[in-house]
Each structure stands twice: as C-alpha cells, then as structure tokens.
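Here is a short briefing on one protein chain. Keep the sequence and the 3D view open as you read.

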Amino acid sequence: MLGYANHAAFRIEDKMAKVPETVNSFLSDLRTKLAPGGVKEQAHLLELKKKDEESRGLTPDGNFYLWDNRFYDRMMVEQEYSIDETKISEYFPLQSTVQGMLEIFEKLFGLVFVKLDQEERQRISPTGKAEDIAWHEDVIIFSVWDDASEGDGFVGYLYLDLHPRQGKYGHAANFNLQPGYLQKDGSRRFPATALVCNFSKPTEKKPSLLKHDEVVTLFHELGHGIHDLAGRCRYSRFHGTSTVRDFVEAPSQMLENWCWTSSQLKSLSNHYETGEKIPDELIEKLISTKHVNDALFNLRQLHFGIFDMTVHSPNSHEELEKLDASKLYNELRAEICGLKGPEALGQGSTWGNGQATFGHLIGGYDAGYYGYLSSEVYSADMFHSSFKKDPMNGKEGRRYRHTVLERGGSQDEMETLKQFLGRAPSSDAFYAELGLAAA
Ligand SMILES: [Zn+2]
C-alpha cells in the first residue's frame, strides 16, 4: 500500500544502510568470512564434548547441539585459559569501579561529576524535599558539569540505580529521563539520564564485586548515559541516543574496548581488601579470552540477523502466508552456525518455535537486528582510528564528544561518522578484531 517492495525496504530506508541490499550483502559477506572459523571452533568444542562424555561413561554420538554450545564454551574457557572469574572480580568492587569509570569520562570528555548529598538534593528539589527527586533511597545522583577546558557549563543529571530489589526491572540498561533541547526563549533544557542495573548489594563484610563481563556491561550502559548527557541538539526528538538503530549501539560498543585494554583495566582495578591493582598476568589471561569462540558467537548473531531479513522481505504476500516460520528458523540456524537441533535426532525441523521468543523481530528491531553487527563495524573503526594507540587521549575524546555524541540523531549518522573519521567508514578494523583478513 505504501509502495515499498517489502517491510524491510520500508524500515531500512531511513537507517544508515538505506536499502535492504546493503544489509544483505554485509550479512552474507560476514557469513562467508566467519564460516571457516566457525567450523574450526565447533570441531574443537566437539572434541572437548567427546572427552567429557567418555569420562562420564557415555557414548558420544558425534553431534554438537545447540544446547551444548554454552556449556562447552564455558568449560573450554575454564580449562584452557584457567580464568578464575571470582578472583578477577575481587579487583573490581562496584563503588571504586564506578568512580574509576567516571574519571575516565572526566579525562576523555572534559566532564565533572559531582555527587549530590542530602542538602544539595533538597536545594534543587522543586518541593524542597530531597527524597522527591529520586524514586528510591538507593539511587545515587550526580550533577554533571563541563570542566574548565570545556567552559564550566552545566551538563545534566546522572542517576545510578545499581542494586536489585523486588519488582524492579531485572536487566542492566540506560533510560533517558528527560531529553535536552533549546527552549523557546533560547535557554537550554538539560538532560537527565538513569542507569538501572542489578549488581548485588554490598554487605558489611564484603562489597559488591563485579565480574569482568559486568564491568563491560556497566561501562557500556554508562556509555549510553554519557551519549545522553553530551547531547546538544535543538530538538528533543534527536537528543542523545535518539539516533537510528543501526548506529545507536556504536558509541557504547566502542567504549567496551576500554575494558579490554590493559592500562585501563589496571587503573580501574582496586582490590577490595588490599587496594592492590590487578596483576599483569591476570590481565593478560583475561584479554586472551576476548575472541574465544568469536566466530561461533557472531554466526549465531548472523542467524538472527538473516532470519529477520528473510521474514521481512518475502517475494509476495502469498509466500509469507505459506511460510513455515519454525522450519525456516531451524534450518537457517543449522545452515549458518552448524549447531544441530532435534532435527539431527530425526524429529523434523518444525520444533521449538524459537522465533516466537525472539522479541526483536516485532519489537522495534524488525528488519533491524543486523544493527547490532553493523554498529560493531563502526565502533571498531572509530576505536582503531582514534583511540587504540592512546585510549586516554583527551583531545580525541573531546573531538569525539563534539563531533559524534553531541549531535545525537540531528543529522544523518553516516555524515557524523564521516566527519569524525575524516573518510567513509570501513570494515577493516572489525575484521581485524575478529582475526579475519579484510576484504
Ligand atoms: Zn547498548
């Protein structure tokens, strides 16, 4: 009715990719490049499974199933990299880690974070009551300012709601509470942003300790928060993280690299008992696991992305009506990542209805799941071109803040990216990160 060939064409038109063909060729290129690595990784995991089964007196059937993947992936990291997650977490108590992260943003972007005490909260609360500007007593509030090099101006408010409690959202995410924009009289309405996470609460004896993947998550979500705070748009519609879906994750994905850089891990660390920094040897071990089974992981992401594109670009309405979605979902998975399911046990391909539990398909990421992968391309490109050599380069940090973060979605994101990179984006850094040669 709207004149588009299919839903994907309609959805992608105003994204960075513009047309489904760009998305499809990106996904199929990635698939070709990742396939050999996936086969290799799976063969290794299958070997591990065989040994494990034999040690338990079972007869291996020689298949590597969907449900084996996470189990043997973890076993492999434990056995072959001897990573002790609990030991690493002792170096990352929540409080000092958050403090360390804010310091990184201070140095990089020229921001200052001031924690609001009871008196300050009272002063700025419209009702004069401190408790009226937070929704729970656990919530920490910072007022955020530009430092002297950035002109000392006010930036906005950062709320941290870090611990679980009954009835609370169960994930880790960033939410905009109030966008920034220019008011009719030309004055600026400042943003407020909240990090809602679920890190265990400290006890009297032990602080809340973050596992490395939690450190990465926290930094990722704080990254969205900073994107939100840095916004300087005229209209609230385009403020902060209100960018297109195939770009919105890029800034936070880029920041995750700081948590995989030894100098940054060192400076963030602070042993909860001794105050010592994390030893080099532990950092090296940790960093060596960054790309373990990465091809398989990305092939699974590709399965989601390719299924999403396939169901949203049928040749005809009739084709869609006849579609057996479960069969397509299972067959694509087996084809793309090689992970077997009940069909390998003679039960056909219509089991499970996995696509029905995949909310992204209709929850706003329809014909958009590829965005998780394509924004990895942009984030790797930005990191490698500006920060890999020196992640604490304040000049580059400020340039990034003003060229990328500040603009939000107020101009075509491809334009923003080109302005920051000084050229069109390239997938070389992304493939290099995955250990694959560039095209
Ligand atoms: Zn994110």
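The points below cover the domains, the sheet and the salt bridges.

This is a predicted model. The chain is divided into two parts, domain 1 and domain 2. An unreviewed UniProt entry lists residues 2–435 as "domain: Peptidase M3A/M3B catalytic".

**The annotated span**
- Residues 2–435 are 47% helix and 8% strand.

- Domain 1 is built from two stretches, 7–85 and 293–433.
- Domain 2 covers residues 89–278.
- Taken over C-alpha atoms, the centres of domain 1 and domain 2 are separated by 28 Å.
- Domain 1 brings 37 residues to the contact, and domain 2 brings 38 residues.
- Together the two domains bury about 3,300 Å² between them.
- Carbon and sulfur atoms account for 61% of that buried area.
- Four salt bridges are found across the interface of domain 1 and domain 2.

**The sheet**
- Five strands form an open sheet with mixed pairing.
- The strand order is β1-β2-β3-β7-β4.
- Which strands stand at the edges? They are β1 (111–115) and β4 (173–178).
- Each edge strand has a single partner strand, so one side of each is left without a neighbour in the sheet.
- From one strand to the next, the twist averages 25°.
- In general, strands of a sheet pair through backbone hydrogen bonds, either parallel or antiparallel.
- Strands β2 (residues 140–146) and β3 (residues 154–161) pair in the antiparallel sense, over six bridges.
- Isoleucine 141 has tyrosine 159 in β3 as its bridge partner.
- Helix α5 (residues 94–109) lies across β1, β2 and β3.
- The angle between helix α5 and β1 is about 145°.

**Salt bridges**
- Side chains of opposite charge can pair when their charged atoms come close.
- The count comes to 24 salt bridges, with a cut-off of 4 Å from nitrogen to oxygen.
- Another salt bridge links aspartate 29 and lysine 33, with their closest N and O atoms 3.3 Å apart.
- How far apart are aspartate 29 and lysine 33 along helix α2 (residues 20–55)? They are four residues apart, so about one helical turn separates them.

How values were computed: Residues are numbered from 1 along each chain as its sequence is written. This is a predicted model: local features need pLDDT of at least 70, side-chain atom pairs count only at pLDDT 80 or more; totals for chains, interfaces and linings use all residues. Side-chain values use heavy atoms; hydrogens and water are left out. UniProt positions are given in the numbering used here, feature names are shortened, and annotations may be inferred rather than shown by experiment. Helices (H or I, at least four residues) and strands (E, at least two) are DSSP runs, numbered from the N terminus. Two strands pair if DSSP finds at least two bridges between them. Axes are lines fitted to C-alpha atoms, for helices over the stretch in contact, and angles run from 0 to 180 degrees between N-to-C directions. Contact means heavy atoms within 4.5 Å. Domain bounds come from an automatic or database domain assignment. Buried area is the accessible area (1.4 Å probe) that two parts lose on being put together, summed over both. A salt bridge is a side-chain nitrogen of Lys or Arg within 4 Å of a carboxyl oxygen of Asp or Glu.
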